[in-house]
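Please look over the sequence and the structure before reading on.

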Amino acid sequence: MKGYRLLVACPDQPGIIAAISHVLARNGCNITSFDQYSEGPAGLFFMRAEFDMVHNSGDSDHENLISEFDRLAREYHMQWRLTERDRAHHLAVLVSREDHCLNELLWQTERGDIHAEISVIISNHEDLRELAEHFRIPFYYIPVTPAQKAQSEEKLHQLVRDYAIDTLVLARYMQILSEEFVSQYPARIINIHHSFLPAFVGPKPYHQAYERGVKLIGATAHYVTAELDAGPIIEQDVHRVDHRHQLDDFKRIGRQVERIVLARAVKWHVADRVLVYGNRTVVFPI
């Protein structure tokens, strides 16, 4: 018996769920989890299902299922994705000097709270090498300067290929990836930033927020696109502050929110709970 996840997005119309269920039943599959969302008449339909192939006789059954979903996709104009439920995602985590987001990912993947493996840690600084070595994870130092940005990104590409990386996680990686690089990994690069954007752009956002006396500190995890910090949002959260909080409190609270929000986003992404359409997402809750 083998477990799978199926994600579907298509124009909404009657009969979609019945058609999908019929294909699964005909191929000896038992649905164990099912979520769907519809935007109504003439809108879009989104679906996530987990199922077991009870009478799995090998590659032939899997190929038959793929063939039937290909046919169904043509009929209903579907975008669809089928993944193995028990396969662990391979992550590359990109960092600079701050360790709070990386530490959270290391802890949650080690405990199994995030069903993924951090295959490699990549940085434009040497600061976090010791942390990577403590967890016995390969660490690569790739300096980035304007003159050698293209060469640095080619090294990133090579590591993604060498380690068969599924998703890149920017865990406070303080470099802007080029449009050419990002275009090769659609919905496969996740970033975290404070939610003060666009109000407090540029360096030292917490200093700016403190000076303005903000009452909420937040963080946003999103997919990276060519437009800076404007990709589809996966998760957000906030923490209330008041006049008693000083600048160091803002930074401390900001780090706490950032690490939790990024970990949630990665957890949902590797569990195939996020569907992207346009510049928005549908996130099926756990």
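This is a predicted model: local features need pLDDT of at least 70, side-chain atom pairs count only at pLDDT 80 or more; totals for chains, interfaces and linings use all residues.

Which strands and helix each supply at least two residues of the lining of the second largest pocket? They are β1 (2–11), β3 (44–53), β4 (79–84), α8 and β12 (274–277).

**Second largest pocket**

- The volume of the second largest pocket is about 620 Å³.
- Its lining is made up of 28 residues, and those closest to the centre are Leu7, Arg81, Thr83, Asp272 and Val274.
- Sorted by class, the lining of the second largest pocket holds 15 nonpolar, six polar and seven charged residues.

**Largest pocket**

- The largest pocket has about 800 Å³ of volume.
- A total of 39 residues line the largest pocket, and Arg172, Tyr173, Met174, His193 and Asp229 lie nearest its centre.
- At least two lining residues of the largest pocket come from each of α6 (179–183), β9 (189–194), α7 (205–212), β10 (216–223) and α8 (247–270).
- The element that gives the most to this lining is β9, with four residues.
- By class, the lining of the largest pocket consists of 17 nonpolar, twelve polar and ten charged residues.
- Helix α8 is named for the lining of the largest pocket and also for that of the second largest pocket.

**Cavity**

- One cavity of 30 Å³ or more is found when the whole structure is searched.
- The largest cavity contains about 70 Å³ of space.
- The lining of the largest cavity has 13 residues, and Val144, Ser152, Glu153, Leu156 and Tyr173 are the closest to its centre.
- Strand β6 (116–123) and helix α5 (149–162) each contribute at least two residues to the lining of the largest cavity.
- Helix α5 provides the largest share of that lining, four residues.
- Seven nonpolar, four polar and two charged residues make up the lining of the largest cavity.

**Salt bridges**

- The search of the whole structure gives 22 salt bridges.
- One of them joins the side chains of Arg85 and Asp52, at 2.7 Å from N to O.
- This pair connects distant parts of the chain, 33 residues apart: Arg85 is in the loop between β4 and β5 (89–95), and Asp52 is in strand β3.
- Asp52 counts as buried because its relative accessibility is 10%, and the cut-off for buried is under 20%.
- Another salt bridge links the side chains of Arg71 and Glu75, with 3.7 Å from N to O.
- Arg71 and Glu75 are four residues apart in helix α2 (residues 59–76), so about one helical turn separates them.
- Arg71 is partly exposed at 36% relative accessibility, and Glu75 is partly exposed at 47%.
- A further salt bridge is formed by the side chains of Arg161 and Glu154, at 3.0 Å from N to O.
- Arg161 is partly exposed at 47% relative accessibility, and Glu154 is partly exposed with a relative accessible area of 42%.

Definitions and conventions. Residues are numbered from 1 along each chain as its sequence is written. Side-chain values use heavy atoms; hydrogens and water are left out. On a 1 Å grid over the protein atoms alone, a cavity is a set of points where a 1.4 Å probe fits but cannot get out, and a pocket is an open set with protein on both sides within 12 Å along at least five of seven lines; lining residues have an atom within 4 Å of a point. Grid points are joined across faces, edges and corners, and a volume is the space filled by probe spheres set on the points. Ala, Val, Leu, Ile, Met, Phe, Trp, Tyr, Cys and Pro count as nonpolar, Asp, Glu, Lys and Arg as charged, and the others, Gly among them, as polar. A salt bridge is a side-chain nitrogen of Lys or Arg within 4 Å of a carboxyl oxygen of Asp or Glu. Buried means under 20% relative accessible area, exposed over 50%, partly exposed in between (1.4 Å probe, protein chains only).
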